[in-house]
Amino acid sequence: MTLRSLTFVIGTGRSGSTALSRILNTHPDVLSLNEYMASVGDTAFPEGRVSGAEFWDALFRPTPYFAAMIRSGVLMPEFLYTRRPGRYTAETTGIPALSLMVLPHLTDDPDGLLDEIRAAVLDWPGRAAAEHHEALFELLRARFGRTAVVERSGYSTGWAPGLRAAFPYAKFVHLFRDGPDCALSMSRHPGYRMITLMREIRERTGVDSFGDLTDEHVRSLPPDLAPLLEERFDPALVRDRAFPLRRFGALWSELVAEGTRFLDGLPAAQRMTLAYEDLLDAPREELSRLAAFVGVEPSPQWLDSACALLDTGRRGSARNQLTAVELDDLRKSCAPGTRSLAHASRH
């Protein structure tokens, strides 16, 4: 199966990407898949033939990383299901992967929609994982009467090569924001604070995957890191820890460079860049350009409603809130990513 229009918005996150998902969701022809990849992850793309039941399990099985955060009281604003709980809870059943952020973005009845998906998916024939995902996108596209599918997840540049391999016809939008502003936002977000701590655990233990961790690895970790690997931990370990801002600047640089390298390898017709600041400066022009790339019409009514969803107050937050010394240090850590963007703009 090849969908008529499939686009992935990749980027660092904390770059206006959640607002972009909301904007796309207001378009009558766009199926906006909010945080789909962040929800199902790499485990939903196993090699070989996958049965319908196996694919359903990948959609239903709670994401352990997010489940531990919720049980520990470390909630991200992106966890839409926890704001209006239904029949699933982190403490008892676990919140299905698809229910936490994807389905509540599409409907006020995520449990009902999950039931619809289950009834369809369980009977699907065995096939490659990518074909199952395409079939699910098509099911939801038809269910909501849309023509184009756009998936958007934060912290998603690392998935781009795999998505390119799975869906070679798909288009990609690289969304980015000013480095210091984005890094400062990351430093205050529980998800990115958690990401930074998880990366530190991998660095200290030398493992590529948490599945490779042994009891000896865990015992080697300091007492402010080891508990984060348990099913429940003290939220103060994430909330109250002091992080150097430059660590988030370095993370921003790494992700932006990853995104620009990936886009450089795509045919021109399958790639687009979108700067958050440009979106704020010229929303109608930039959203019209995005709509044309995705393959839908930018109606005046949609543009009017979309502009109302943009928050212009987030611009310049680093300059306004940091001391000169802090800002200079943060800019230095963001310099490699800034150079990557500058190089990409010249080509």
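I began with Gly94, which I found in the loop between helix H4 (64-71) and helix H5 (97-100), helices being DSSP runs of H or I with at least four residues, numbered from the N terminus. The model is a predicted one, in which local features need pLDDT of at least 70, side-chain atom pairs count only at pLDDT 80 or more, and totals for chains, interfaces and linings use all residues. Residues are numbered from 1 along each chain as its sequence is written, and side-chain values use heavy atoms, with hydrogens and water left out.

I then turned to salt bridges, each a side-chain nitrogen of Lys or Arg within 4 Å of a carboxyl oxygen of Asp or Glu, and the search of the whole structure gave 19. One of them joins Arg84 and Asp108 at 3.3 Å, N to O, and this pair links distant parts of the chain, 24 residues apart. Arg84 is exposed at 57% relative accessibility, and Asp108 is exposed with a relative accessible area of 64%.

I also looked up Asp115, whose salt bridge with Arg87 has its closest N and O atoms 2.8 Å apart. Asp115 counts as partly exposed at 34% relative accessibility, and Arg87 is partly exposed at 43%.

Definitions and conventions. Helices (H or I, at least four residues) and strands (E, at least two) are DSSP runs, numbered from the N terminus. Buried means under 20% relative accessible area, exposed over 50%, partly exposed in between (1.4 Å probe, protein chains only).
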